[in-house]
Amino acid sequence: MADQTFRLPDLGEGLTEAQLVAWRVEEGARVEVNAPLCDVETAKAVVVIPSPFAGTVRKLHARPGESVAVGEALVTISASDGASTEATPGTLVGYGPGAPESGVRRKARTAALATESGADVRAAPFVRQLAKEKGVDLAQVTGSGPGGRITRADVEAATASPVPTSSPTAAPAVDGERRISVVGIRKAIARQMVRSVSTIPQFTEFAIFDATNLMAAREQRKVGGRSMTPLPYFIAAVVKAVQAYPLMNSSWDEGRDEIIVKQPINVGIAVNTTHGLLVPVLRGADKLELDAISELSAHLIEGARAGTLPPGQMSGGTITVTNVGASGPVETGTPIINPPECCVVAFGAIKPRPMVVGGQVVARSGAWISISVDHRIVDGALATEFLTALVAELESIRA
């Protein structure tokens, strides 16, 4: 018997730590190569870590809720004599041999989680773990997140008992206060936003566009049985405007004081999830037709909300789009750039607005657009030209 200590591996994309969400094994249990060991939440996704060894679990080195740095001991496994003790070649840590988690495995995992807390419950793994620790029946909790998803706050509101002091995710209330340790995705968001506003001199410009043609195109597709949200139209218009003004698809190299103009247009899509704001990336959007943009963006959004996207699909964006009007009657805002990108584009709610057409004031569908740009790369005149081109693209949509 030979003890093998498995340390948290580098999960890619420069991640340095992860929060342990839940163990899939217990001490004394037998595991096989590539069998699920645990779920961890990185700065970008919830990831399943498989076992690189076959044998008996001797020691679990972390508790659910704790942050584990890359390289720290995760689990010690005593390998059986004659047993395979190495993962198969090509294993992608966190997703099984050589590929993302299969649909069958993902469905099985979802079914198992649903069995634990109710078949109709919609909650992320770390929320389920918190509910388990607190003794909360998720089937009795009403979710306040998108699509009725149950959030951490919903679980904490469902019980009057203090959060166990052994969990680093929160501390008992003192004088009416409650402290929550910032880890995983929320910590990454905080760092990214501080980096954005402290290192990028950014400014914002605004415009309103006439969405009459866009809404007519949507209605025609709906009649033909091919419904589509406004988002794919937004993305396609942004791509065309970027092709006319490629400097918007760039970044600033702080080490060399150079502007790096990117060739592919990889559109980040800001998605509100129970984990926080995630930005999956639609790669090569400039090579895609509208139907493909619609299908792939829907897949990315669903995966981001379900926590099933691998970290590689949450990075590499060159410009970001956020549809702030999708969650309510929000007119517009001043979006913050997602470093190291140069530009972020925000779309407000489409609704009837007074517009002057042929000298007459009429009610037409319209929406605000706001863009925030890196002033080191783009001056006001260029930003205005880009925004004007974007409005023109949106207003020239044809069914």
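User: What should I keep in mind about the model and its numbering?

Analyst: The model is predicted, so local features need pLDDT of at least 70 and side-chain atom pairs count only at pLDDT 80 or more, while totals for chains, interfaces and linings use all residues. Residues are numbered from 1 along each chain as its sequence is written, and side-chain values use heavy atoms, with hydrogens and water left out.

User: Why are α6 and α8 called oblique to each other?

Analyst: Let's start with the angle. The axes of α6 (residues 230-244) and α8 (residues 380-395) cross at roughly 135° and come within 9 Å. Angles under 35 degrees count as roughly parallel, over 145 as roughly antiparallel, 65 to 115 as roughly perpendicular, and the rest as oblique. The two helices are therefore oblique to each other. The crossing of α6 past α8 is right-handed.

User: Which residues of α6 and α8 meet?

Analyst: Contact means heavy atoms within 4.5 Å. Among the residues that meet are Tyr 233, Phe 234 and Ala 237 in α6, and Phe 386, Ala 389 and Leu 390 in α8. The contact residues divide into 10 nonpolar, no polar and 2 charged.

User: How do you know that β6 pairs with β8?

Analyst: Two strands pair if DSSP finds at least two bridges between them. β6 and β8 (residues 73-79) have 5 bridges, in the antiparallel sense. β3 (residues 30-31) and β6 (residues 55-60) are joined by 2 bridges and also run antiparallel. Gly 55 of β6 is the bridge partner of Val 31, and Gly 55 also stands opposite Ala 79 in β8.

User: Why is Asn 34 called buried?

Analyst: Buried means under 20% relative accessible area, exposed over 50%, and partly exposed in between (1.4 Å probe, protein chains only). Asn 34 has 15%, so Asn 34 is buried. You will find Asn 34 in the loop between β3 and β4 (36-41).

User: What makes Asp 257 count as exposed?

Analyst: Asp 257 has 57% relative accessibility, so this residue counts as exposed. Asp 257 sits in the loop between β14 (250-253) and β15 (258-261).

User: What is the phi of Asn 34, which is not a glycine?

Analyst: Asn 34 has a positive phi of about 75°. Asp 257, also not a glycine, has a positive phi of about 50°. Most residues other than glycine have a negative phi.

User: Which peptide bond is joined in the cis form?

Analyst: The bond joining Pro 339 and Pro 340 is cis, with omega about 5°. Pro 340 lies in the loop between β20 (319-323) and β21 (343-347).

Technical notes. Axes fitted to C-alpha atoms, helices over the stretch in contact; angles between N-to-C directions. Helix = DSSP H or I, 4+ residues; strand = E, 2+ residues; numbered from the N terminus. Left-handed = near helix turned anticlockwise from the far one by under 90°. Nonpolar A, V, L, I, M, F, W, Y, C, P; charged D, E, K, R; others polar.
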